[in-house]
Amino acid sequence: MESKKALLIIDLQNDYFEGGTNTLVGSWEASLNAKALLNDFRSKSLPVVHIQHFSTRPGSTFFIPGTRGVEIHENVTPIDGEKVIAKNYPNGFRETNLLDYLQSNHINDLVICGMMTHMCVDATTRAAKDFGFSCTVIGNACATRNLEIQGETVVASEVQKSFLAALNYFYSTVMDTKDYLECK
């Protein structure tokens, strides 16, 4: 079967940007790279899927339904014809119609970008591979934040490298925007 690809843009939402309630390190730069990918897919009339998180977890401080923070960021605003999938869990396939949509459109190759690298990008990429999709993660079109474990801070740049390195082995090929756009 011929490879048919789609771009998945995961959770590029206002709360992850300056002024939001869960600002990430490098979110602006990542959004510009995601925008370049989006423009490339649009120019080739290839499918684009925006995944938008709505928090339903009690006590959540971001992605609250009805707030500006839950809205998709202006750099990657969906246009008519682009699929928008609402989700409530890190894995974009869990309790959504993402798998049905991809399968019914005969998509088997995913180019993935978004936020947070260590959470929703990771969970969705791993699930996609388990469902049989070929995955390419565009690392510099993703962003994350500092994490803490046992009283120690792991800085965002190390979190980013670690999660991308882990995904690069089996679950995906990790590239940067420039290299991806030049080789396709």
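Q: What makes Gly59 count as exposed in this predicted model?
A: The relative accessible area of Gly59 is 69%. Exposed means over 50%. Therefore Gly59 is called exposed.

Q: Where is Gly59 found?
A: Gly59 is found in the loop between strand E2 (48–53) and strand E3 (83–87). Its C-alpha atom is separated by 31 Å from that of Leu32, 27 residues apart along the chain.

Q: In what order do the 6 strands of the open sheet stand?
A: The order is E3-E2-E1-E4-E5-E8, and the pairing is parallel. On average, neighbouring strands are turned by 25° against each other, direction ignored.

Q: Why is one side of E3 and of strand E8 (173–175) left without a neighbour in the sheet?
A: Both stand at the edges. Each has a single partner strand, so one side stays without a neighbour in the sheet.

Q: How do you know that E1 pairs with E2 and with E4?
A: A pair needs at least two bridges. Strand E1 (residues 5–10) and E2 have 4 bridges. E1 and strand E4 (residues 109–115) have 6. Therefore both count as pairs, in the parallel sense. Leu8 stands opposite Val49 in E2, and Ile10 stands opposite Gly114 in E4.

Q: Why do side chains of a regular strand point to two faces?
A: In a regular strand they alternate between the two faces of the sheet. In E1, Lys5, Leu7 and Ile9 point one way, and Ala6, Leu8 and Ile10 the other way.

Q: What makes E1 mostly covered?
A: In E1, 6 of its 6 residues are buried. Buried means under 20% relative accessible area.

Key:
Residues are numbered from 1 along each chain as its sequence is written. This is a predicted model: local features need pLDDT of at least 70, side-chain atom pairs count only at pLDDT 80 or more; totals for chains, interfaces and linings use all residues. Side-chain values use heavy atoms; hydrogens and water are left out. Helices (H or I, at least four residues) and strands (E, at least two) are DSSP runs, numbered from the N terminus. Buried means under 20% relative accessible area, exposed over 50%, partly exposed in between (1.4 Å probe, protein chains only). Axes are lines fitted to C-alpha atoms, for helices over the stretch in contact, and angles run from 0 to 180 degrees between N-to-C directions.
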